[in-house]
Amino acid sequence: MAAALKHWRTTLERVEKFVSPIYFTDYNLRGRLYRDSCPVAALSSFLTPERLSYQQAVQQDFRSVQVGDHFGPTWWTCWFRVELTIPEAWVGQEVHLRWESNGEGLVWRDGEPVQGLTTEGEKTSYVLTDRLGEGDPRSLTLYVEVACSGLLGAGKGSMIAAPDPEKTFQVSRAELAVFHRDVYKLLVDLELLLGIAKGLGEDNQRSFQALYTANQMVNVCDPAQPETFPVAQALASRFFGQRGGESQHTIHAIGHCHIDTAWLWPFKETVRKCARSWVTAVQLMEQNPSFIFACSQAQQLEWVKNHYPGLYTRLQECACRGQFVPVGGTWVEMDGNLPSGEAMVRQFLQGQNFFLQEFGKMCSEFWLPDTFGYSAQLPQIMRGCGISRFLTQKLSWNLVNTFPHHTFFWEGLDGSRVLAHFPPGDSYGMQGSVKEVLKTVTNNRDKGRTNHSAFLFGFGDGGGGPTQTMLDRLERLCNTDGLPRVQLSSPGRLFSELESDAGQLCTWVGELFLELHNGTYTTHAQIKKGNRDCERILHDVELLSSLALARSTQFLYPAVQLQYLWRLLLLNQFHDVVPGSCIQLVVEDAMSHYEDIRSHGNGLLSAAAAALCAGEPGPEGLLVVNTLPWKRTEVLALPKPGGAHTLGLISSAGDSAQHGLCSCSRPHLPAAPAAPAACVRSTRESPEGSFSRPPPTKTDGSVTLDNGILRVRLDPTGRLTSLVLVASGREAIAEGAVGNQFVLFDDVPLFWDAWDVMDYHLETRKLVLGQPGTLAVGTEGGLRGSAWFLLQLSPNSRLSQEVVLDVGCPYVRFHTEVHWQETHKFLKVEFPARVRSPQATYEIQFGHLQRPTHYNTSWDWARFEVWAHRWMDLSECGFGLALLNDCKYGASVRGNVLSLSLLRAPKAPDATADMGRHEFTYALMPHKGSFQDAGVIRAAYSLNFPLLALPAPGPAPAAAWSAFSLSTPAVVLETVKQAEANPLSRTLVLRLYEAHGSHVDCWLHTSLPVQEAVLCDLLEKRDPAGHLPLRDNRLKLSFSPFQVQSLLLVLQPPLD
């Protein structure tokens, strides 16, 4: 027969129709995939609002239902009992249960979970037998547990909308069917050939070979005559058997299932998502020995261990075979911006210890594919936790600039380097299509530098994971001419190949800033406040418990309780929880976790205080504790009988050269507490000069506060018209401008409501102007001067603020309360500074970095809204202005204006986000010289870690004492805790970091009975060469800029 001319489009569409699930299914190949079918013998169900165990569920009262019946509402569970009878005529055939529902399902067989069933995740059949034998049972009963929520929750109208509480669900298919595997194999081949033809295009010879092969397969294949299938199969095999050359790019296909620990569904639903996804992955591993599945997040594994022990055992068995590979090393995939440095360390400490204990080894790669930016201190933290490799893909979401690399070295703030890889397909949810494979090669921005890249395949975000079809596609594409080489691989194999090209790779220095999702620095302010509060509480509990352990033989360090509380905090630092990009149910759970940490933490503080007071002479009273490593003199509100408070000036232990950490002292109540000079004080000397300062003065409606360090002038509406550093007479507020100016912006992003604030919001800036006459004097003179005012932000929202200046304090505080009821509005406060600088400084984890104050380039302009921790600073030579805060993260400095982001009002995925009452404090600190020399870092710590005044159940120590002090202000003692290795040990871990950005030697002095001191890594593993000689109770440490060091102090047994 003469060769026929072929038209590209008609030939292509002919093949498409032959495999279509929509067109001509009465005749085409797709319609022959399942031919014979029969309904299930019986279907019954029961509904419950609870997430019951299998053992509880099967005891319930099941009632007969029909396919198509509706059930619900959202977040309930419907358990189905499915009774099956397989027809005798199907002997020798492969038999499936076909199940389709808009709720996520899990099949239970003989009391164990066996497979997830999720229509959205393309898992709509369960293989009952791959070949029905003569002697196999014909009848069996399965249970299917169906969640009243989909793979991505239950949003009303759109994915990220708040959940629809009245949504109903249904099972649209439940039947037995014969599955024709020979048809399935032909469908996979034809779809791949179509993908090659489309992907390589009409200019490519191999593209035409693929299309003509597919066309000839259609010619020879009669769907009604299976005996024609082998001829078609041989055509496909000949095409795929044509090998590529030696220079082909190699794609490392790694099975993965990204499961958000909470997002558009609550934490408890994630437990079931893990079971549904991972039991399916285990089934695939058992059927495909070369399939390797990478799994992150220790928290999720612990959930499965507790709720599905049989499945967990199978996971461990797969891990022993090298098929199940734990990755990441962290407790959860945390946010990369907002957690403190210490919290990031604990993510790895808890995660790596879990992986070591449960799977026999720690992770060597940090796995964080979906987080909204990456701190410049992460490389140092990774290296300190045994990790030198990093994988993400989120920077592919950049709105403005395309990140220039996919494989590179990432150098952190201190110079630590890790090998970073971004899968060039820009996704962690590949499905094995030719289009994705080709994109992985063409999109790679390090062509010529490395010839290997990752391909993470499997449904993700809401779980689901890989399917057998994905595996079959990838296996077929393993080495075919015209395409990259594809191999089923592991993270370790991928990174080993990348490391062999290390000499060719470029280096990126500093933070990996995501040019999107900048609204997450501010959304859900109560979660942000809970995070900062609980980081402080756990810091203080560990410190006091460590001191109690050192001073008392009876005290038992609360290691188990602290691990529980830390894990709650780390759970809340998941990358959709602390950013606030989650539904209301998750927010409620998170707030409950914070309340647990606060209540249990305060109980542990009291227990440690009681142990520190044991055996001391003197009357009962208060124990005042300074939890920071320097001397402090501060005004403190001390409780009086009857529930009232009185102000006292408390001076912590230490002298001018030493910076005493945890000075414990007992304040004395004098005979005449009303007199300012005789207010509550410690037994230490008072600071220079009188306690009493002139009271606030009020003229023409304005108020002036003056403590001899600062002079603050507020206009009649509470705005800052002047802030003078008294010693030099230097004005900090820009000429003709006012500070403490509240501004409102329209805040309507393009799509991601809770996530994004767009650049154009800056064009909608509106000043919030107060009414003259609302400013009033609060506290007058003595230890504290203050003024307060009310401000109507809008018809629905109001603000009240107390502006406070304490004696001896280098900053003025703004205690703020907001009642917020807005829609798509953004509230900020601005301070125009009399300072000129092209860059501003922002605190990050264990250090700080500079960002531009101008929009010269697109990289500068894309950072119109950035994140910071406790402070930011704008300085010129000799003078600067710092803005401190106690629970805020969103910030910006444009030109000379420092702006702190306070509240947003997005409506998705939580329609109630940020509505209600808020309390927060920020502070303004003008300073002479550099922010380092002026003590800005210490001031921000002091604002966030106030002196503790703890009720002493017994007599408080008569004399103040200090446990630790440092010889230089450049080094911060961040953490004191018990070592993890042994809960009964008398070994402490100290974590210190260099905060100024300098090389410095530091002497650490301690009054504790130290037997041995040795350096260790962040996982508390001893450095064999890290022994530190102890001389006169002092240790010498040498730091490079922003270096974090940890050491183990082995204590002598106490004498008592």
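Let's start at tryptophan 410, which stands opposite tryptophan 508 in strand β21. Strands here are DSSP runs of E, at least two residues long, numbered from the N terminus, as are helices (H or I, at least four residues). Before I go on: this is a predicted model, where local features need pLDDT of at least 70, side-chain atom pairs count only at pLDDT 80 or more, and totals for chains, interfaces and linings use all residues. Residues are numbered from 1 along each chain as its sequence is written, and side-chain values use heavy atoms, with hydrogens and water left out.

Back to our tryptophan. β17 (residues 407-411) and β21 (residues 507-509) pair in the parallel sense over three bridges; two strands pair if DSSP finds at least two bridges between them. And what stands opposite tryptophan 410 in β18? That is valine 418. β17 and β18 (residues 417-421) run antiparallel, joined by five bridges. They make a hairpin with five residues between them, and glycine 415 in the turn has a positive phi of about 100°. Four of the five residues of β17 are buried, meaning under 20% relative accessible area, with exposed over 50% and partly exposed in between, using a 1.4 Å probe and protein chains only.

Now, aromatics. The structure holds 42 aromatic pairs. Phenylalanine 71 and phenylalanine 80 are edge-to-face, because their ring centres are 5.5 Å apart and their planes are at 70°. For pairing, the centres of Phe, Tyr or Trp rings (the six-membered one for Trp) must lie within 6.5 Å; planes under 30 degrees apart are stacked, over 60 edge-to-face and the rest tilted. Phenylalanine 71 is buried at 6% relative accessible area, and phenylalanine 80 is buried at 4%. There is also an aromatic cluster formed by Phe46, Tyr54, Phe62, Trp79, Trp108, Tyr143 and Tyr308.

Two arginines sit over rings, too. Arginine 870 lies over the face of tyrosine 941, at 4.0 Å from the ring centre, and arginine 1034 lies over tryptophan 1003, at 4.1 Å. The cut-off is NZ of Lys or CZ of Arg within 6 Å of the ring centre and within 35 degrees of the ring normal.

Last stop: an open sheet of three strands, in the order β48-β51-β54, with antiparallel pairing. Its edge strands, β48 (964-966) and β54 (1034-1039), each pair on one side only. β48 pairs with β51 (residues 1000-1006) over three bridges, and leucine 966 has leucine 1004 in β51 as its bridge partner.
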